[in-house]
Amino acid sequence: MDKKSELLKVIPEQGILPLYFNKDTQTSIELLKALYSAGIRSVEYTNRGEAALKNFAAMREVCETELKGMYLGVGTIKDAASAQAFIDAGADYIISPGLVEDAAEVADKNNMLWIPGCMTPTEIIKAEKLGAKFVKLFPGNILGPSFLSAIKELFPNLLFMPTGGVDLDKDNIAGWFKAGVCAVGMGSKLVTKDIMENKKYDELIALTKQALEIVQSCKK
């Protein structure tokens with residue numbers, strides 16, 4: 001099975017995609033290890049600062065040596081050049097905040113999973129025409145589960161994941177799964193500023209386990 005097909009199984013099985021950025025390399029690695037020990041096997045590291053590429057390359061090395069089976073994706077990819085740079089640094093998949101056509105081309109050339117951010121049916125149709133199999137609904141808190149409920153049957157072959165404003169709250173997460181998502185993207189509500197600044201890795205492990213349990217119960 002190729003990596004693309006593998007990821008289209010791994011992310012929905014996990015049901016949650018943690019995402020974060022930290023300008024410090026070591027902190028980025030420690031957060032990754034904490035998520036891994038909580039049972040996470042796929043993480044989106046966001047391209048949100050000058051150190052992102054350097055940190056990503058270091059995290060990739062740690063995945064190879066210590067975190068067996070961890071898929072490391074990169075988010076906030078807004079152009080072809082950054083898509084290629086992160087692919088060269090070992091990215092397993094690419095996530096964009098919008099419909100970035102030249103990033104889609106780069107991912108396609110490298111036979112890599114590309115997840116575009118979409119906010120309208122028009123964008124989702126365009127994404128599907130560009131070959132997307134998996135769409136990020138962004139920003140999730142603006143769109144809400146009722147948006148997906150209204151459009152889901154138009155796109156029987158696509159997987160959906162909201163990112164932005166997904167709370168670590170059973171009702172919030174259940175609402176999304178009921179609407180038909182395959183996973184939820186969780187950033188600052190999971191990998192909080194407090195956890196990052198004060199290196200509360202045990203708290204991150206506990207929160208992540210809680211999130212995974214909530215998701216599994218919502219999928220039943």
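Trainee: Of the contacts in the protein chain between residues at least 6 apart in sequence, what share join residues at least 24 apart?

Mentor: Contact here means heavy atoms within 4.5 Å. By that cut-off, 61% of those contacts join residues at least 24 apart in sequence. Before we go on: this is a predicted model, where local features need pLDDT of at least 70 and side-chain atom pairs count only at pLDDT 80 or more, while totals for chains, interfaces and linings use all residues. Residues are numbered from 1 along each chain as its sequence is written, and side-chain values use heavy atoms, with hydrogens and water left out.

Trainee: Fine. How many helices and strands are there in the protein chain?

Mentor: Both come from DSSP runs numbered from the N terminus: helices are H or I with at least four residues, strands are E with at least two. The protein chain has 10 helices and nine strands.

Trainee: And what does the radius of gyration of the protein chain agree with?

Mentor: You take that radius over C-alpha atoms, and the globule rule is 2.2 Å times the number of residues to the power 0.38. For 220 residues, a compact globule would come out near 17 Å, and the protein chain has 16 Å, so the two agree. Along its principal axes, the C-alpha trace spans about 45 × 40 × 30 Å.

Trainee: What percentage of the residues in the protein chain is buried?

Mentor: Buried means under 20% relative accessible area, exposed over 50%, and partly exposed in between (1.4 Å probe, protein chains only). Buried residues account for 53% of the 220. As for the surface, the protein chain exposes about 9,800 Å², and carbon and sulfur atoms supply 51% of that. Those areas use the Shrake-Rupley method with a 1.4 Å probe; for residues, only the protein chains shown count as cover.

Trainee: How far apart are the centres of the positive and negative side chains?

Mentor: Lys and Arg count as positive, Asp and Glu as negative, with His and the chain ends not counted. Each charge is placed at NZ of Lys, CZ of Arg, CG of Asp or CD of Glu. There are 26 positive and 28 negative side chains here, and the centres of the two sets lie 3 Å apart.

Trainee: Which side chains make polar contacts with D92?

Mentor: A polar contact is a pair of N or O atoms within 3.5 Å; within protein, one must be able to donate a hydrogen and the other to accept it, and residues adjacent in sequence count only if both atoms are side-chain atoms. The D92 side chain pairs with the side chain of K3 at 2.8 Å and with that of R60 at 2.9 Å. The D92 side chain also reaches the backbone nitrogen of L72 at 2.8 Å. Leaving out residues up to four places away in sequence, D92 touches K3, L7, R60, M70, Y71, L72 and M112.

Trainee: Where does K3 sit?

Mentor: K3 is in helix α1 (residues 3-14). At 39% relative accessibility, K3 counts as partly exposed. Beyond residues up to four places away, K3 touches Y71 and D92. K3 and N111 are 108 residues apart in sequence, with their C-alpha atoms 8.6 Å apart.

Trainee: What is the phi of T76?

Mentor: T76 has a positive phi of about 60°, although T76 is not a glycine. T76 lies in the loop between β3 (71-75) and α4, and counts as buried at 14% relative accessibility. K199 also has a positive phi, near 50°; K199 is in the loop between α9 (193-197) and α10 (201-219).

Trainee: Which residues does T46 contact?

Mentor: Setting aside neighbours within four places in sequence, T46 contacts L19, Y20, F21, A52, G75 and T76. T46 belongs to strand β2 (residues 42-46), and at 3% relative accessibility T46 counts as buried.
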